[in-house]
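The entries follow in the order of looking.

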Amino acid sequence: MTTQPDSRDRRPRRTARRRVVDTRRRDELLRQAEAIILAEGFTSVTMDELAQRLGCSKATLYSLASTKEQLVLAVTRAFFRDATAEIEQAVQAEPDPRQRIRVYLTGVGTAMRRHSLAFYDDMVGYEPTAQIYRKNSAAAARRVHELIEEGVQAGVFRALNGHFAAQVVAVTIDAVQSGILLERTGLTAGDAFSELGDLLLDGLSAGQGTSEPDSTVVRSLRGHVSAPR
């Protein structure tokens, strides 16, 4: 199976093929297209099939995005943008700096339930969407680092290597996203991130010791739980 969108759909559709669609209808079609792509991936879905399943013409579909590639990129960006906004809203509503990491990781797990393994495989196998994924994974690691530092400043976390903990989270996100960690543990994505939150909080909490973790642990995690690329 190719990991690139259907090449027949990658040529821009010019004005003659485009149709003006009102904003409400456009947003609804985009949401429906996003649901299909997140559930089934995008390499096996053609624009013809999407138009048929959405109950619209191809001209209407091409008014949303000029190519299938652009539609896939729009869906991928929207997924991460919406998930980030929802997670941050929940984090900001949590007054306890110690619990914000748990809230953040729970939000990541909830967001990940919205897409299938097929979408993940397509996303990481197609370079334009893989770039979006890598950018957001790096942002997640940085955000966890920030939350750790906030906890240290508040006195609820011990001063350990926050960058290390953030990288452990990034590696775990990748392993859960790929499905390999879930397969080996039998956990759901939500359960995996709940467990990760418990592990982080137990290890970070003040009074749990002062020794810094061995950096070889991250290398071990990468070798044993990360999906092969």
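Helices are DSSP runs (H or I, at least four residues), numbered from the N terminus. I noted that this is a predicted model, where local features need pLDDT of at least 70, side-chain atom pairs count only at pLDDT 80 or more, and totals for chains, interfaces and linings use all residues. Residues are numbered from 1 along each chain as its sequence is written, and side-chain values use heavy atoms, with hydrogens and water left out.

Entry: helix 4 and helix 7. I found that their axes come within 10 Å and cross at roughly 10°. That makes the two helices roughly parallel (angles under 35 degrees; 65 to 115 would be roughly perpendicular). I logged the contact residues as eight nonpolar, five polar and four charged (Ala, Val, Leu, Ile, Met, Phe, Trp, Tyr, Cys and Pro are nonpolar, Asp, Glu, Lys and Arg charged, the others, Gly among them, polar).

Entry: helix 1 and helix 4. I looked up residues 23-40 against residues 68-93; the axes come within 10 Å and cross at roughly 90°. The two helices are therefore roughly perpendicular. Leu-30, Glu-34, Ile-37 and Leu-38 meet Leu-71, Val-75, Ala-78 and Phe-79.

Entry: aromatic pairs. I counted five, taking rings of Phe, Tyr and Trp (its six-membered ring) with centres within 6.5 Å; planes under 30 degrees apart are stacked, over 60 edge-to-face and the rest tilted. I picked out Phe-42 and Phe-119, whose centres are 6.3 Å apart with planes at 75°, so the pair is edge-to-face. Phe-42 is in the loop between helix 1 and helix 2 and Phe-119 is in helix 6, so the pair ties together parts 77 residues apart in sequence.

Terms used:
Axes fitted to C-alpha atoms, helices over the stretch in contact; angles between N-to-C directions. Parallel < 35°, antiparallel > 145°, perpendicular 65-115°, else oblique. Contact = heavy atoms within 4.5 Å.
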